[in-house]
Amino acid sequence: MGLLSDPNRRRALISMLTRLNAPICVVCYMAGVAWFMGLAFEPFTLRTYMSENAMGSTMVEERFPAGERALATGREFAAHKKKVGGMPVDWLVKTMQSQGLEVFTQRFSRTLPFPDENKERYVVEGTNVYGILRAPRAPRTEALVLSAPCSPGNNNNQAVGLLLGLSQYFRNQIYWAKDIIFLVNEHDLIGMQAWLEGYHHTNTTGMDWSPLQGRGGSIQAALSLELSSDVITSLDLVLEGLNGQLPNLDLANLFYAFCQKIGVLCTIQGKLQRDDWDTASGYSHAVQTMMLMVLKQASGRPWGDHGLFLRYHIEAASIKGINSFRQYKTDATTIGRLLEGMFRKLNNLLERLHQSYFFYLMPSLSRFVSIGYYMPAFGLLAVILLLRALDLWVQLSALPSRTEDGIADIEQVSQTHLGVLSVLTPLVISHLTGVALYTLPIRSQEMAVEHFPVFETEAVVLTAIAIYTAGLALPHNTHRLVSGEGTEQGWRVLKLVAVLYLAVLLGCTALINFSLGFILALTLVPLAAFITPHVPKLLSALFMVLLSPGCTLFFSIFFFQELQETPVNLQEGWVLFLSVISQGILDHSLYGSLVYPLVALLVYPCWLLFWNILFWK
């Protein structure tokens, strides 16, 4: 503290930081990227371990014997689903009642803000069916959930069959201390959202649903099952939920522990675990796995039905069957034994899962990166903004020259006030552009359909792109509306405000969704640090456009497809880009995803401030 309290030493430190500002910023950026890439190197990660004592041992004997019967039930379910052209509600109710469960249904409907591009539906109506197995050895104050979505076509029939097989087997056991709810939800996430809102007596999305006639206890954990083939070669664990939320790491550890015990091949992000971490290919594999998790988390959308449980502080994950690795095969009986073991361990919980991590990245199922390891990578990028703000503050804090009588020069004082006032107009117009980007695409879809040969979904997406593009021209030289010609001090004040604004924005985003904050920091920090009105305009404008939020999304789609080993060409990438925009707006309207309003109302206006600085005259 002596260094900062001594005025001479403080001035010397500030002088050094301002003199070496640019080199320090470059070093910090390279160090932040290198730190993040090093997180996938196995010696720098932590080995997963069970923190919850109640689940610390997998010494239970799994006896589920009815795998083939469950597959037969799945085929029967598929036949009834095909016969009625949707959810076979009556058949499901009779089947669950015959197993001794308390069975209830819930009807729901949801009007979409615009038709879903994939399924071309404007109004979604459906019915959820759930059965409750009451705990025979407890006061029924807690519950566990096993769900399987009723997907269209031949998808997920086997999962429903296995769910019904497990419900029949669980009914004959006497050791349950928690209610177990077996849920078959229609229309995937929409049906799950309706059921969760009805169960918790909330309505945050404006959906119409009938009240639940039966409830269990407070839900402690949930698993969502997705199987679409009789032949399963591996089980993939899906963790990413709404707005980048993740379940407690102990839930992933429990899944991995039982896979190791029973001998089931398990994956994360669809990728197998490798032991050759000390080779270039092994490290590259870990980086790809971790980057897939980063991109999925940054999207803010739930990647399975489990993703909506997390907003209610319920630890949940999705287990998906994969039929890709031909040298392996896992039958339905083995999958049923794994789920039985997990539920028996969750049944032993005396309190909610809380002892392990909620913020982590996973380069493999056996290794994880905690928040204390990955946050310094973001901190190294964020400190660049603080260094640039310090440099600007030092430049602006130079006192105006005084006359011999000690009176400040009136002209310089007036320029200072004009520089401060000239910040207001770019700030206001940039944020009004963001408000237009957030509100107009959905509100103007009817007018666009009337005047142009497009459908509602196309109208929404194209309107959003048009407003985004028009924003490049609207704030251009807006400072002239206040002060005529812009001053040298004016753009410095504007940049100081924009840099501090971006620092706070990225910091808050990283605390909620680290992956989204880090990706935005990778692209926005370089342009925020070095953009001025005195750099070459054309080259800098191209540089800024390539690092804008829209282009970042466009490039991320290609990167994501490459990591999934399904590369696309430019035309296919453009179609995916349009689809991702429409899905992002839908996710915000249906489930409350925060990514679209964050980008439209805050990130894009902040980027426009730097765009205005570039063309300052």
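User: What sits over the ring of Tyr199?
Analyst: The charged end of Arg215, 4.5 Å from the ring centre. A charge counts as over a ring when NZ of Lys or CZ of Arg is within 6 Å of the ring centre and within 35 degrees of the ring normal.

User: And which residue lies over the face of Tyr175?
Analyst: Arg344, at 4.4 Å from the ring centre.

User: What are the ground rules here?
Analyst: This is a predicted model, in which local features need pLDDT of at least 70 and side-chain atom pairs count only at pLDDT 80 or more, while totals for chains, interfaces and linings use all residues. Residues are numbered from 1 along each chain as its sequence is written, and side-chain values use heavy atoms, with hydrogens and water left out.

User: How many aromatic pairs are there?
Analyst: The count is 29. Rings of Phe, Tyr and Trp (its six-membered ring) pair if their centres lie within 6.5 Å; planes under 30 degrees apart are stacked, over 60 edge-to-face, and the rest tilted. Phe41 and Phe44 form an edge-to-face pair, with 5.3 Å between centres and 75 degrees between planes.

User: Changing topic. How many helices and strands does the protein chain have?
Analyst: 22 helices and 12 strands. These are DSSP runs numbered from the N terminus: helices are H or I with at least four residues, strands E with at least two.

User: In what order do the strands of the open sheet run?
Analyst: The 9 strands go 6-2-3-5-4-7-10-8-9, with mixed pairing. Strand 6 (208-209) and strand 9 (266-268) are the edges, each pairing on one side only. Two strands pair if DSSP finds at least two bridges between them.

User: How many bridges join strand 8 to strand 9?
Analyst: 3, and strand 8 (residues 234-238) runs parallel to strand 9. Leu235 has Cys266 in strand 9 as its bridge partner.

User: Which strands does helix 8 touch?
Analyst: Helix 8 (residues 249-262) packs on the sheet and touches strand 7 (218-226), strand 8, strand 9 and strand 10 (315-322). The direction of helix 8 makes about 35 degrees with that of strand 10. Contact means heavy atoms within 4.5 Å; axes are lines fitted to C-alpha atoms, for helices over the stretch in contact, and angles run from 0 to 180 degrees between N-to-C directions.

User: What about strand 11 and strand 12?
Analyst: They form a hairpin with 2 residues between them. Strand 11 and strand 12 (residues 367-370) pair in the antiparallel sense over 3 bridges, and Tyr360 stands opposite Ser370.

User: Why is strand 11 called largely enclosed?
Analyst: Because 5 of the 5 residues of strand 11 (residues 360-364) are buried.

User: Which loop holds His201?
Analyst: The loop between helix 7 (188-200) and strand 6. Phi of His201 is near 55 degrees, a positive value in a residue other than glycine. His201 is exposed, with a relative accessible area of 65%.

User: And Gln269, buried or exposed?
Analyst: Buried, at 9%. Gln269 is in the loop between strand 9 and helix 9 (280-299), and has a positive phi of about 60 degrees although it is not a glycine.

Methods
Buried < 20%, exposed > 50% of the residue type's maximum accessible area, 1.4 Å probe, protein only.
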